[in-house]
Amino acid sequence: MRSTNSLAAAASAFFFLLTTGPSYTTAASVCNGYSALCDKLYSNVTFIGSHDSAFDGILLVDNQFDSVADQLSLGVRFLQAQSHDKDGTIELCHTSCTEEDAGSLETWLETVVTFLEANPDEVVTLLITNGDGIDGSDFASVFEAAGASEYAYSPSGTLTLSEWPTLGELIDAGERLVVFMDYPAGTSVSYILPEFTSYIFETPYDVTDSTFSSCAIDRPSGASASGRMYLVNHFLDVDIFGIDIPDETAASTTNGEASIMAQVNECNALYARYPNFILLDWISVGDFLQVQDYLNGVGSL
Ligand SMILES: *[C@@H]1O[C@H](CO)[C@@H](O)[C@H](O)[C@H]1NC(C)=O
């Protein structure tokens with residue numbers, strides 16, 4: 001009797017395991033808007049994002065029409081920003097804080113955190129430039145104060161292309177903020193991923209040729225394409241008396257499907273894969289979402 005019982009218990013436990021499998025945590029079923037993206041490696045997804053995301057306004061040097069919060073609402077999941085040291089505070093300034101100061105890094109990060117909190121199935125990527133060589137520990141303090149560090153993805157060691165998690169895994173782990181920095185300095189922070197030393201190469205920037213005819217590796221110079229993700233700088237400048245100004249009047253052409261896809265196809269011919277990141281000025285104008293969906297296999301042109 002007793003042995004029959006334990007046999008039954010063992011059988012039912014076995015049946016339970018068989019039917020339910022090991023207990024995985026609930027897996028995300030929609031990732032960045034599409035279930036098909038959950039199983040894609042992060043390194044195989046194309047994110048079209050905003051160059052100088054914080055500089056929205058009417059100054060000649062501005063790059064965007066919409067605030068960062070509005071960009072996120074529009075579907076932008078990749079934000080680039082330049083950081084500068086203003087008397088010990090990290091501010092998002094345009095080349096220098098006397099030229100344009102778009103507020104603190106902390107406020108910008110808080111906007112991103114608010115978005116992440118409200119949108120649990122979304123992965124957002126940041127690319128911060130560190131022209132003033134600010135120490136990693138200063139960035140870490142700001143990330144912590146803004147509540148961004150708890151969402152930030154910390155890989156264990158430097159990842160090869162095939163070692164990246166899928167979007168679903170990032171979402172399941174709650175590490176939905178991927179943070180790159182062009183030149184991290186000083187103290188290394190596990191979630192501030194070094195763009196140029198390890199992960200990404202870029203095509204030329206401050207382009208004034210509206211055909212965007214080059215997909216050459218511009219930074220880091222002499223880098224090999226293999227093993228790295230890549231970023232295409234698809235924002236057009238116009239040279240006014242020797243100063244490069246974002247070309248606002250060309251925005252709808254530059255950000256149109258034809259112009260973006262022409263450069264993507266050229267890059268794809270060179271590197272046999274689509275860009276991981278594409279940066280645009282005036283991102284609220286043009287076809288960025290449609291092109292992004294197409295490149296990710298979840299939409300058509
Ligand atoms: C993702 O993989 C597909 C299939 O190999 C490829 O066509 C596409 O270019 C890749 N995209 C990126 C961003 O690597």
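**Entry: the ligand.** I began at the ligand of this predicted model, and found that one of its oxygen atoms lies 2.9 Å from a backbone N or O atom of tyrosine 274. I then looked at asparagine 44, where an N or O atom of the side chain is 2.4 Å from an oxygen atom of the ligand. When I listed the residues that surround the ligand, I wrote down Ser43, Asn44 and Thr46, and then Arg273, Tyr274, Pro275 and Asn276.

**Entry: two helices.** Next I turned to helix α8, which covers residues 257-271, and to helix α9, which covers residues 288-295. Their axes come within 9 Å and cross at roughly 35°, and I recorded the crossing of α8 past α9 as right-handed. Which residues meet here? From α8 I noted Glu257, Ile260, Met261 and Val264, and these meet Gln290, Val291, Tyr294 and Leu295 of α9. In this contact of α8 with α9, I listed six residues as nonpolar, one as polar and one as charged.

**Entry: backbone details.** I then followed the backbone to proline 220, which is joined to arginine 219 by a cis peptide bond, with omega at about -10°. I placed proline 220 in the loop that runs between β8 (200-202) and β9 (229-233). My last stop was aspartate 52, which is not a glycine and yet has a positive phi of about 50°. Aspartate 52 also sits in a loop, and for this one I wrote down β1 (47-50) and α2 (68-74) as the elements on either side.

Conventions
Residues are numbered from 1 along each chain as its sequence is written. This is a predicted model: local features need pLDDT of at least 70, side-chain atom pairs count only at pLDDT 80 or more; totals for chains, interfaces and linings use all residues. Side-chain values use heavy atoms; hydrogens and water are left out. Axes are lines fitted to C-alpha atoms, for helices over the stretch in contact, and angles run from 0 to 180 degrees between N-to-C directions. Helices (H or I, at least four residues) and strands (E, at least two) are DSSP runs, numbered from the N terminus. A crossing is left-handed if the near helix is turned anticlockwise from the far one by less than a right angle, and right-handed if clockwise. Contact means heavy atoms within 4.5 Å. Ala, Val, Leu, Ile, Met, Phe, Trp, Tyr, Cys and Pro count as nonpolar, Asp, Glu, Lys and Arg as charged, and the others, Gly among them, as polar. A residue is near a molecule or strand if one of its heavy atoms lies within 4 Å of it. A polar contact is a pair of N or O atoms within 3.5 Å; within protein, one must be able to donate a hydrogen and the other to accept it, and residues adjacent in sequence count only if both atoms are side-chain atoms.
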